[in-house]
Amino acid sequence: MKTLLFLLLSIAILCSCSSNNFEKNKILVKKVMDDQTESWNKGDLKGYMDGYWMSDSLRFLGKRGITKGWKKTLENYIKTYPDKKTMGILKFDDVTFEPLNEKQMFVVGRWTLEREKDTLSGYYSLIWKKFDSDWKIIFDHTN
């Protein structure tokens, strides 16, 4: 009986710790997303890209296919959004967070880009990875 009680208590503690880590990590990822939104809305694409893994292994899947690498992703953003006017005001809504493991998170949501002459919107799914204490996007699928 003592063994069963110990086992049940251990499981409860582990679940509680895992849940606490998820909430902490969710807050950290949300902060990076908020920083990205702020940078975008200031017209700062390089600041926006701080949320991405600065690696040739970064992947971005959009309507034109897959882009490989941080530098190429930035170049595509600059080409598509050459100035603050074309960038508009970015908002992320309906965001859900799901842990994949202790160092990776799956995030899904809706984006809206309000501009002077039009409003664009779509959906995204992101895989985030924790590097030391920093969370970065390692895969972005946006449509």
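**Close-up views of a predicted model**

**View 1. T112 in strand β4.** At a relative accessibility of 10%, T112 counts as buried, because buried means under 20% relative accessible area. The model shown here and in the other views is predicted. T112 belongs to strand β4. Leaving aside neighbours within four places in sequence, T112 is in contact with I89, L90, K91 and D93, and also with T119, L120 and S121.

**View 2. P99 in strand β3.** P99 is partly exposed, and its relative accessible area is 46%. Its contacts, not counting residues up to four places away in sequence, are F22, Q104 and M105. P99 and K26 are separated by 73 residues in sequence, and their C-alpha atoms are 8.6 Å apart in space.

**View 3. The two sides of helix α3, residues 70–80.** The buried residues of α3 are W70, T73, L74, N76 and Y77. Seen down the axis of the helix, these buried residues fall within an arc of 160 degrees, so they line one face of α3. An α-helix has 3.6 residues a turn, so residues three or four places apart point the same way. On the face of α3 turned away from the buried side are the exposed residues K71 and K79.

**View 4. The largest nonpolar core.** This core has 27 residues, and those that touch the most other members are V29, W40, Y52, Y77, M105, V107 and W128. At least two residues of the core come from each of α1, α2 (45–49), α3, β3, β4, β5 and β6. The most come from α1, which gives five residues. V29 touches F97, M105, V107, W128 and W135, not counting residues up to four places away in sequence.

**View 5. The largest pocket.** The volume of the largest pocket is about 760 Å³. Its lining is made up of 32 residues, of which F60, G62, Y77, Y81 and T142 are the closest to the pocket centre. Y77 is also one of the buried residues of α3. Each of the following elements supplies at least two residues of the lining: α1 (2–41), β1 (59–62), β2 (65–68), α3, β3 (89–101), β4 (104–114), β5 (119–131) and β6 (134–142). By class, the lining has 17 nonpolar residues, 10 polar residues and five charged residues.

Definitions and conventions:
Residues are numbered from 1 along each chain as its sequence is written. This is a predicted model: local features need pLDDT of at least 70, side-chain atom pairs count only at pLDDT 80 or more; totals for chains, interfaces and linings use all residues. Side-chain values use heavy atoms; hydrogens and water are left out. Buried means under 20% relative accessible area, exposed over 50%, partly exposed in between (1.4 Å probe, protein chains only). Helices (H or I, at least four residues) and strands (E, at least two) are DSSP runs, numbered from the N terminus. The arc is that of the directions from the helix axis to the C-beta atoms. On a 1 Å grid over the protein atoms alone, a cavity is a set of points where a 1.4 Å probe fits but cannot get out, and a pocket is an open set with protein on both sides within 12 Å along at least five of seven lines; lining residues have an atom within 4 Å of a point. Grid points are joined across faces, edges and corners, and a volume is the space filled by probe spheres set on the points. Ala, Val, Leu, Ile, Met, Phe, Trp, Tyr, Cys and Pro count as nonpolar, Asp, Glu, Lys and Arg as charged, and the others, Gly among them, as polar. A nonpolar core is a set of buried Ala, Val, Leu, Ile, Met, Phe, Trp, Tyr and Cys residues joined through side-chain atoms within 4.5 Å. Contact means heavy atoms within 4.5 Å.
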